[in-house]
Each structure stands twice: as structure tokens, then as C-alpha cells.
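User: I am new to protein models and would like to learn how to read one feature by feature. Could we go through this structure together?

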Amino acid sequence: MHVIRINAKNVVYIILAILSTSVREAHMGYEESISNYAINTNSTPAYNIRKEQYGTCPSGGLCSELSIECLTCSLNQNCIYGATYNANCTVLSQIDCVGKINFAKPYICRYCYQTEKWEHDCHQKNSCSSVASPRQYYRTNCTVKSNVLCLGRRKFLKNLPCNWTGGYRWSTALILSITLGGFGADRFYLGHWQEGIGKLFSFGGLGVWTLIDVMLISMRYLGPADGSLYI
């Protein structure tokens, strides 16, 4: 019978061998998992990788229905004003859409500031009087709508007539003037507070002021105090 003598040195060698084996197995398992992940990642079909939405351009829609901001279109700078042409358009590379990415879009030869009023949107202002004489105008920023092709900058300045409304109804003002005009109700409704107080304490100027206001409102000569138009 052989007796195996184990001293402290042999014990150290045995522990180091066990640890080194465990480390190798763990490292081999890690490399195998990384390799499998790389295979699975690289095996993903290209058509399943969708592009992210770019700005205001929707993803997954028809390419031909995208707005002008999502396209690159070549327009003829030497075109004849008012004539209709076809522009070659290409979808931006950042956008994912369905259909052909190259197609033609019709447009009228004109600059963007020459588009009709229903073809662009302008920033409305209420810092002017709509009932002033002569008529007042104000300058504001306008932007061509996304479905309109035109030459030049799509944002431009334009002079617009002052014709904003504050929500006052002509029919309401006229009814108040006929029924409660002697108490200044029409003037109070339109925002003419000082005249309304004077009309109230004078009982409508003994009826004369009331009659005059009925005529002025019926002819739309007397309007809201803020300078806006009736609805």
C-alpha cells in the first residue's frame, strides 16, 4: 500500500491548477457567447433595419407624397415665368419611405414670394388698426406650404393689409344698440368705455345718441375699440 504524501507545496500547486482551469473555461465561454452574438447580429437582414424619422419627414410613407423639405429637387432657373415644368426630385438619404426615391414633380415657374395667398402661410399680427383710413399695412414673415415647388427662398417678407378680428360680432353689436343702446350696452360691448359711461348717465343723449349709434353700427362705421374687424 502506497501512501501519498501531500505537503504544503503540493497543495498550492493543486489549487493553482484548479483555478487556472476554471479561468480558462470561463474565458472560453465568454468568447463563445461573443462569437454567437456577433453571428446573430451580422445575420440580421438589411431590409429589417429601418431609418429613424428625419426632422418633420415621416418614416414608412409613400416617397411621392413626402413634403418638399424631405426632397432634393432640381428646378430650371432659366424657365419662362408662368409655364409649367417637371422637376426631378430625390428623397433625402436619411429618410425611409415606400416606392421609388427618384420621381418628377410638376411646378410653375415663379419665385416663392410670387405664390398665391393660399399657397403660403403668413404670421398674422394685431398691432395695427383694421378700420384706419387710409388702410394700414404691416410686414410679416411668410412660408410656402410644403407641397408647393418654387424658385428662391421658401421664407420671405410680405406686406399684408391689416384685417384681423378680435371676435366681436356685428349682429350682436347692432342688437345691443337697438335694444339697450340707451344704457350704453353697445359701446361697452365694443370696448368704448368712456363713451359708454357718458351714454349711460345721459340716457343715450336723450335718445339722439342712441339713434346715431344705431346708424353708425348698421353701416359698420363704428367698430371695436381695438381696431379689429367684425366677425
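User: Which residues does UniProt list for "transmembrane region"?

Analyst: Before the answer, note that this is a predicted model, in which local features need pLDDT of at least 70 and side-chain atom pairs count only at pLDDT 80 or more, while totals for chains, interfaces and linings use all residues. Residues are numbered from 1 along each chain as its sequence is written, and side-chain values use heavy atoms, with hydrogens and water left out. The unreviewed UniProt entry lists residues 168-188 and 200-222 under that name; such annotations may be inferred rather than shown by experiment.

User: How much helix and strand does the model have in residues 168-188, and how much in residues 200-222?

Analyst: Helices (H or I, at least four residues) and strands (E, at least two) are DSSP runs, numbered from the N terminus. Residues 168-188 are 71% helix and 0% strand, with their end C-alpha atoms 12 Å apart, and residues 200-222 are 74% helix and 0% strand, with their end C-alpha atoms 18 Å apart.

User: What is the order of the three strands in the open sheet?

Analyst: In general, strands of a sheet pair through backbone hydrogen bonds, either parallel or antiparallel. Two strands count as paired if DSSP finds at least two bridges between them. Here the order is β4-β5-β6 with antiparallel pairing, and the edge strands, each pairing on one side only, are β4 (120-122) and β6 (155-161). Strand β5 (residues 137-144) pairs with β4 over three bridges, and one of the bridge partners is Val144 in β5, which faces His120 in that pairing.

User: How many salt bridges does the structure hold?

Analyst: As a general idea, side chains of opposite charge can pair when their charged atoms come close. A salt bridge is a side-chain nitrogen of Lys or Arg within 4 Å of a carboxyl oxygen of Asp or Glu, and the structure holds five. Among them is the bridge between Asp186 and Lys199, at 2.9 Å from N to O. Asp186 lies in helix α3 (residues 185-190) and Lys199 in helix α4 (residues 193-201), so this pair ties together parts that are 13 residues apart in sequence.

User: Which residues are linked in a network of salt bridges?

Analyst: The network links Asp186, Arg187, Lys199 and Asp213. Asp213 forms a salt bridge with Lys199, the closest N and O atoms being 2.6 Å apart, and Asp213 also meets Arg187 in a salt bridge at 2.9 Å.

User: Are Asp213 and Lys199 buried or exposed?

Analyst: Both are buried, where buried means under 20% relative accessible area, exposed over 50%, and partly exposed in between (1.4 Å probe, protein chains only). Arg187 is buried as well, and Asp186 counts as buried at 0% relative accessibility.
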